[in-house]
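Subject: Structure handover

Hello,

Here is the structure I promised to pass on. Please open it first, then read my notes below.

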Amino acid sequence: MRQINWKKAEGRSEAELREQAGVPFFVFPSIEKTGCVVHGFSTRLGGVSEGIFSSMNVSFTRGDREEAVRENYRRLGAAMGFSCENLVCTDQTHTVNLRVVTEEDRGKGFVRPKDYTDIDGLVTDVPGLVLAAFYADCVPLYLVDPVRRCIGLSHAGWRGTVGKIGKKTVELMREQYGSRPEDLVAAIGPSICQSCYEVSKDVIEKFQEAFDERFWPELFYEKDGGKYQLNLWRANELSFLEAGVRAERIAAAGVCTCCNPGLLFSHRASRGRRGNLGAFLMLK
Ligand SMILES: [Zn+2]
């Protein structure tokens with residue numbers, strides 16, 4: 001494996017950086033241990049894209065060459081262990097809308113156009129379908145139910161986080177597949193850390209409405225000038241806990257996109273000139 005310099009955030013770090021077929025990516029050992037899924041989170045290394053997209057960009061809509069993006073997906077599939085024709089992609093617009101993915105969605109967003117819009121999370125119980133979602137500071141949320149054999153993958157920026165998309169994903173898995181929250185294995189992927197994530201007061205007010213006052217000191221602090229630093233990792237963990245997921249079954253990557261601009265795409269670190277990272281999750 002090549003030498004890659006990157007830093008973990010303070011506190012918990014339960015993801016592992018791995019390299020397969022020349023492609024580095026993160027995995028969660030706790031999710032791997034369930035034995036029932038293929039999963040991973042890409043880095044910006046190991047692809048063929050150039051310039052601001054260098055090199056492993058998975059976005060078709062930010063100006064990168066389509067052939068380069070397709071090759072990047074092919075490499076990620078070879079490294080993580082999935083086939084691109086089985087991808088099913090989100091259509092992310094910072095909502096808390098979820099889609100129940102079925103066989104007829106196979107390939108949507110990669111080999112076929114999507115026929116849905118405004119979908120920030122996906123759930124399925126169909127083996128072999130590869131759920132895919134995209135990030136560059138926002139929070140990837142993975143859910144695996146090894147008992148009922150179903151999965152969920154969501155995208156949480158501050159809007160999704162305050163709207164508790166993680167909790168909503170758990171609830172949808174309950175409704176659709178009979179999942180018991182206590183059986184779920186969850187993970188919070190690489191995304192922006194509290195020290196890097198400055199927000200304004202109107203954002204904080206929404207978090208004050210959504211989360212009990214006793215959690216506020218863990219979620220944000222005020223700085224001079226009326227700005228705040230917001231902890232999206234803890235907020236998403238609280239959202240999972242509220243849904244009944246067990247604390248010891250929630251893994252946190254503890255890897256900040258913005259603190260590691262050489263390894264990961266970060267919207268804030270690049271001032272918007274960047275590609276996308278991908279989260280992938282497939283039931284075996
Ligand atoms: Zn950071």
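The largest pocket has a volume of about 780 Å³. A pocket here is an open set of points on a 1 Å grid over the protein atoms alone, where a 1.4 Å probe fits, with protein on both sides within 12 Å along at least five of seven lines; lining residues have an atom within 4 Å of a point. A volume is the space filled by probe spheres set on the points, which are joined across faces, edges and corners. The largest pocket is lined by 30 residues, and Arg62, Gln92, Phe134, Arg274 and Asn276 are the closest to its centre.

Before you go on, note that this is a predicted model: local features need pLDDT of at least 70, side-chain atom pairs count only at pLDDT 80 or more, and totals for chains, interfaces and linings use all residues. Residues are numbered from 1 along each chain as its sequence is written, and side-chain values use heavy atoms, with hydrogens and water left out.

Back to the largest pocket. At least two lining residues come from each of α2 (66-80), β7 (130-135), α3 (158-162) and α8 (267-270). Helices (H or I, at least four residues) and strands (E, at least two) are DSSP runs, numbered from the N terminus. The lining has 12 nonpolar, 10 polar and eight charged residues. Ala, Val, Leu, Ile, Met, Phe, Trp, Tyr, Cys and Pro count as nonpolar, Asp, Glu, Lys and Arg as charged, and the others, Gly among them, as polar.

The second largest pocket holds about 380 Å³ of space. Of its 19 lining residues, Ala9, Glu10, Gly11, Asn231 and Trp233 are the closest to its centre. α7 gives the most to this lining, with three residues.

Next, the metal. Cys193 (SG), Cys196 (SG), Cys256 (SG) and Cys259 (SG) coordinate the zinc ion at 2.2 to 2.3 Å. Donors are N, O and S atoms within 2.8 Å of the metal (3.2 Å for Na, K and Ca). The donors follow the spacing C-x2-C-x59-C-x2-C along the chain. Cys196 lies in the loop between β10 (185-188) and β11 (198-199), and Cys259 in the loop between β14 and α8, so the pair ties together parts that are 63 residues apart in sequence. The site is tetrahedral, with angles of 102 to 117° among its four donor atoms; the cut-off is that all angles lie between 85 and 135 degrees.

Best wishes

Definitions and conventions. Four donors count as tetrahedral if all angles lie between 85 and 135 degrees; four count as square planar and six as octahedral if opposite donors are over 155 degrees apart and all others between 65 and 115; anything else is irregular.
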